[in-house]
Amino acid sequence: MKLVIDANVVISALIADSKTRELIVTLDPELLTPAFVHDEVENYEDLIVDKSGMKPVRVAQFIPDLSTIRSS
């Protein structure tokens, strides 16, 4: 299954220990994101770390799981 998710969904899932985060991590779907989402997560990494309580290295582990949508 392929899922397209935007920056708001990714950042919200990283901040809150939520069902969305659980689904992103445990279902192991191919996640597709616009190219800018990787930059957005990096730009808000300090906020995500502060609000989620996760360590920066844990937040960074989520980024490679997001495949970038490529235009054809």
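Here's a quick tour of the core, the cavity and the salt bridges in this structure. Keep in mind that the model is predicted. The largest nonpolar core has 17 residues, a search of the whole structure turns up one cavity of 30 Å³ or more, and the salt bridge count comes to two.

**The nonpolar core**

- Val10, Leu14, Val41, Ile48 and Val59 are the residues with the most contacts inside the largest nonpolar core.
- For background, nonpolar side chains tend to be buried together in soluble globular proteins.
- Leaving out residues up to four places away in sequence, Val10 touches Ile5, Thr33, Val37, Val41 and Leu66.

**The cavity**

- The largest cavity has a volume of about 50 Å³.
- Its lining is made up of Ile5, Val10, Ala13, Leu14, Arg21, Ile24, Phe62 and Leu66.
- By class, that lining has seven nonpolar residues, one charged residue and no polar ones.
- H1 and helix H2 (19–26) each supply at least two of the lining residues, and the largest share, three residues, comes from H1.
- Val10 and Leu14 turn up here as lining residues, and both are also on the list of residues with the most contacts in the largest core.

**The salt bridges**

- Arg21, one of the residues lining the largest cavity, forms a salt bridge with Asp17, with the closest N and O atoms 3.8 Å apart.
- Arg21 has a relative accessible area of 12%, so it counts as buried, whereas Asp17 is exposed because its relative accessibility is 71%.
- Glu22 and Lys19 also pair up through their side chains, at 3.5 Å from N to O.
- These two sit about one helical turn apart, because Glu22 and Lys19 are three residues apart in helix H2.
- Glu22 is partly exposed, with a relative accessible area of 40%, while Lys19 comes in at 53% and so counts as exposed.

- With a relative accessible area of 57%, Asn8 is exposed.
- Asn8 and Glu40 are 32 residues apart in sequence, and their C-alpha atoms are 9.1 Å apart in space.

Notes
Residues are numbered from 1 along each chain as its sequence is written. This is a predicted model: local features need pLDDT of at least 70, side-chain atom pairs count only at pLDDT 80 or more; totals for chains, interfaces and linings use all residues. Side-chain values use heavy atoms; hydrogens and water are left out. A nonpolar core is a set of buried Ala, Val, Leu, Ile, Met, Phe, Trp, Tyr and Cys residues joined through side-chain atoms within 4.5 Å. Buried means under 20% relative accessible area, exposed over 50%, partly exposed in between (1.4 Å probe, protein chains only). Contact means heavy atoms within 4.5 Å. On a 1 Å grid over the protein atoms alone, a cavity is a set of points where a 1.4 Å probe fits but cannot get out, and a pocket is an open set with protein on both sides within 12 Å along at least five of seven lines; lining residues have an atom within 4 Å of a point. Grid points are joined across faces, edges and corners, and a volume is the space filled by probe spheres set on the points. Helices (H or I, at least four residues) and strands (E, at least two) are DSSP runs, numbered from the N terminus. Ala, Val, Leu, Ile, Met, Phe, Trp, Tyr, Cys and Pro count as nonpolar, Asp, Glu, Lys and Arg as charged, and the others, Gly among them, as polar. A salt bridge is a side-chain nitrogen of Lys or Arg within 4 Å of a carboxyl oxygen of Asp or Glu.
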